[in-house]
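My entries follow in the order in which I made them.

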Amino acid sequence: MFLKKYPKIQSLLKFIKWIWVVVVIIAVVFFLTTRWESIFASFSDIPVSKLLWSASFLIFSKILLVYVTQNSIQKEGITLPYPDVFSIVSFTHLAKYIPGGIWHYVGRLGAYGERDFGIKKSTRALIHENVYLLSGALIVGIVAGSLSSQGKVLLKNFGINFSVVALAAVIVLLWGGMLIAYDKIIKPPSKISYIKLIPTLLLAWLSFGLSFGVIFPELSSNNMLLFISVYSIGWLVGYVAIFAPGGIGVRETVLVWMLGGIMDPEYAIIFSAVHRFIFILVEVALGGVSFVLSIRKRTNEKV
């Protein structure tokens, strides 16, 4: 809506987004063609069981985040069954890979409009959802990083010697306080339970991080929290990079950069690409399930 008032800026952003897509494609093709042997070897070294675990963690995370969307809608005084929310979220999420950066939002607003939410409630529900997603990724990234062995060393180097567990608890409590303050500012028509929502967000991002870390042979109890932290921050940066459809390229760049201290960058690139591939397959599969559910619902309503 805002960009329509400034057509030149809108055109510039579209141009940048298409340029980014072309750059990513060229970079991927160049990387594949010049390092095919090492890439093939790395793919071959990943057991199928690890790929299945990664997909399972991703599916679990996605299922949890549907509950977050449901609460975001409920906050506007609208009750929608979980299967309906699942269908809306899973199907519209596929549009984020279309260059433009807004099509999944357009799809979501359209789906809400079909259910007579109204533009104001639809927009506010999307804002609530993004506040929860972004803050959840940030908090898990900070907390998991602080609790990791690497994070503890870093904190000590900065002279922070008190309990990192206490620090993590304080951060989560502050997060809860900020969400309550957010409610007081926007004054939503309905209230939701943060006692349920916050643990759901924490569990979702922990599962996302595990889906990434589990494909690495180096995953252990010593670095598990680091992988969770790295992925949460990488997802966050990729999400806010509106010029990159689905955060493609940006998320992976951040992941490789943050993992640079514990592994070879080329190695990190390969495994980040593998996870992105699994991520897209899971989203396509869930989109297919949502489409089937929608067709069945419409068929039952006609009967």
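**Aromatic pairs.** I searched the whole structure for aromatic pairs and got 15. The rings of Phe, Tyr and Trp (its six-membered ring) pair if their centres lie within 6.5 Å; planes under 30 degrees apart count as stacked, over 60 as edge-to-face and the rest as tilted. I looked up Phe91 and Phe291: the centres are 6.2 Å apart and the planes at 25°, so this pair is stacked. The pair joins distant parts of the chain, with Phe91 in helix 4 and Phe291 in helix 12 (residues 265–302), 200 residues apart. Helices (H or I, at least four residues) and strands (E, at least two) are DSSP runs, numbered from the N terminus.

I am working on a predicted model, in which local features need pLDDT of at least 70 and side-chain atom pairs count only at pLDDT 80 or more, while totals for chains, interfaces and linings use all residues. Residues are numbered from 1 along each chain as its sequence is written, and side-chain values use heavy atoms, with hydrogens and water left out.

**Cover of the rings.** Buried means under 20% relative accessible area, exposed over 50%, and partly exposed in between (1.4 Å probe, protein chains only). I then took Phe212 and Phe216, which form an edge-to-face pair at 5.1 Å centre to centre and 75° between the planes. Phe212 and Phe216 are both buried.

**Cluster.** Phe212 and Phe216 belong to one aromatic cluster that also includes Trp205, Trp235, Tyr267 and Phe279. The charged end of Arg251 sits over the ring of Phe279, 4.7 Å from its centre. A charge sits over a ring if NZ of Lys or CZ of Arg is within 6 Å of the ring centre and within 35 degrees of the ring normal.

**Helix 4.** I checked the cover of helix 4 (residues 82–92) and found 8 of its 11 residues buried. Among them are Asp84, Phe86, Ile88 and Thr92.

**Salt bridges.** How many salt bridges does a search of the whole structure find? I got 5, a salt bridge being a side-chain nitrogen of Lys or Arg within 4 Å of a carboxyl oxygen of Asp or Glu. Glu283 and Lys62 meet in one, at 2.4 Å, N to O. Glu283 is in helix 12 and Lys62 in helix 3 (residues 48–74), so the pair ties together parts 221 residues apart in sequence. Glu283 counts as buried at 2% relative accessibility, and Lys62 counts as buried at 12%.

Asp183 bridges to Lys75, with the closest N and O atoms 2.4 Å apart. Asp183 lies in helix 8 (residues 164–186) and Lys75 in the loop between helix 3 and helix 4, so parts 108 residues apart in sequence are tied together. Both Asp183 and Lys75 are buried.

I also noted Arg108 with Glu129, where the closest N and O atoms are 2.6 Å apart. Arg108 is in helix 5 (residues 103–114) and Glu129 in helix 6 (residues 119–147), so this pair ties together parts 21 residues apart in sequence. Arg108 and Glu129 are buried.

**Whole chain.** I counted 12 helices and 0 strands. Of the 303 residues, 44% count as buried.
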